[in-house]
Amino acid sequence: MKNIHIAIDGPAGAGKSTIAKILADKLGIIYLDTGAMYRAVAYCAKMNGVSCDDNDALAKIFTDFNLEFSDGGRKLALNGEDISAFIRTPEIDVLVGGAASNPFVRSHLVNMQREIAKGVGVVMEGRDIGTVVLKDTPYKFYLDASVDVRANRRYLQNRERGIESDLEAIKNDIIRRDHLDSTRETDPLTKADDAIYIDSSLLTTDEAVELMLEKINGITKRLEENV
């Protein structure tokens, strides 16, 4: 398991981050939240008054754009500043779609993600992990849930963070983001042909984790038998 690469894709609010963190802890490997990286781009663009469509301005931002994860991937620093809380606001929820749909941004971050994964075990979650970033790994999952379940999860997460939000607005934003993610020209959100589909709508976090561990062990056993 030392150098295992686990790819988890799926739409916003499906439980990818929570489950990926637990999996990484249980397996003793790195957790990488690629969505947080796109949020960091959106946040940085906002702070610099830059549009996520302006590649020339974004190129200047990337000349001094150093991301560092800590606390098992739970905290993210941009150029030494902890931005973990700043990238999880409703405003960034709206802006991140622009960053994620930009081919220039995606190319830059995909290269960063592949470099991070070299020579180490990692659980990586996002929208294009199994189809683009870690497309050669046999450990691929597509984690899904109904729109209503995902909206309620995001609402509860915001409330826990002390962020005021409207459930219906969250639901509409998730529907909008789903459309953006699945129809963008570059690396759209889609299930890899060899990914294991899991609907987490009626599963607890522990149940989803145990199911994925069972599948991971099964894949590992099959690979060992075919050596």
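Me: Helix α2 and helix α4 (residues 90-100) pack at an angle of about 105° in this model, which is a predicted one. Why are α2 and α4 called roughly perpendicular to each other?

Reply: Let's set the value against the cut-off. Angles from 65 to 115 degrees count as roughly perpendicular. The angle between α2 and α4 is about 105°, with the axes 8 Å apart. The angle falls inside that range, so α2 and α4 are roughly perpendicular.

Me: What makes the contact between α2 and α4?

Reply: On the α2 side you will find Tyr38, Arg39, Val41, Ala42, Tyr43 and Lys46. From α4 come Glu91, Ile92, Asp93, Leu95, Val96, Ala99 and Ala100. Sorted by class, this contact has nine nonpolar, no polar and four charged residues.

Me: How do you know whether α2 is roughly perpendicular or oblique to α3?

Reply: Helix α2 (residues 34-47) and helix α3 (residues 55-62) pack at about 105°, and their axes lie 11 Å apart. That angle is within the range, and therefore α2 and α3 are roughly perpendicular. Val41, Cys44 and Ala45 of α2 make the contact with Leu58, Ile61 and Phe62 of α3. By class, the residues of this contact are six nonpolar, no polar and no charged.

Me: Which residues of α1 and α9 meet?

Reply: Among those in α1 are Ile19, Ile22 and Lys26, and the α9 residues include Val209, Glu210 and Leu213. The whole contact divides into nine nonpolar, two polar and two charged residues.

Me: How do you know how many disulfides there are?

Reply: A disulfide is a covalent bond between the sulfur atoms of two cysteines. To be counted, the two sulfur atoms must lie within 2.5 Å. The cysteine sulfur closest to that of Cys44 is in Cys52, 9.7 Å away, so the two are too far apart for a bond. Cys52 is likewise in no disulfide. The count comes to zero disulfides.

Me: Is Cys44 buried or exposed, and what about Cys52?

Reply: Buried means under 20% relative accessible area. Cys44 has 8%, so Cys44 counts as buried. With 12%, Cys52 is buried too.

Me: What makes Asn79 stand out, and where is Asn79?

Reply: The phi of Asn79 is near 50°, a positive value in a residue other than glycine. Look for Asn79 in the loop between β4 (75-78) and β5 (81-82). Its relative accessible area is 37%, between the 20% and 50% cut-offs, so Asn79 is partly exposed.

Me: And what can you say about Asp187?

Reply: Asp187 is a residue other than glycine with a positive phi, near 50°. The loop between α8 (167-183) and β8 (196-199) is where Asp187 is found.

Technical notes
Residues are numbered from 1 along each chain as its sequence is written. This is a predicted model: local features need pLDDT of at least 70, side-chain atom pairs count only at pLDDT 80 or more; totals for chains, interfaces and linings use all residues. Side-chain values use heavy atoms; hydrogens and water are left out. Buried means under 20% relative accessible area, exposed over 50%, partly exposed in between (1.4 Å probe, protein chains only). Contact means heavy atoms within 4.5 Å. Helices (H or I, at least four residues) and strands (E, at least two) are DSSP runs, numbered from the N terminus. Ala, Val, Leu, Ile, Met, Phe, Trp, Tyr, Cys and Pro count as nonpolar, Asp, Glu, Lys and Arg as charged, and the others, Gly among them, as polar. Axes are lines fitted to C-alpha atoms, for helices over the stretch in contact, and angles run from 0 to 180 degrees between N-to-C directions. Angles under 35 degrees count as roughly parallel, over 145 as roughly antiparallel, 65 to 115 as roughly perpendicular and the rest as oblique.
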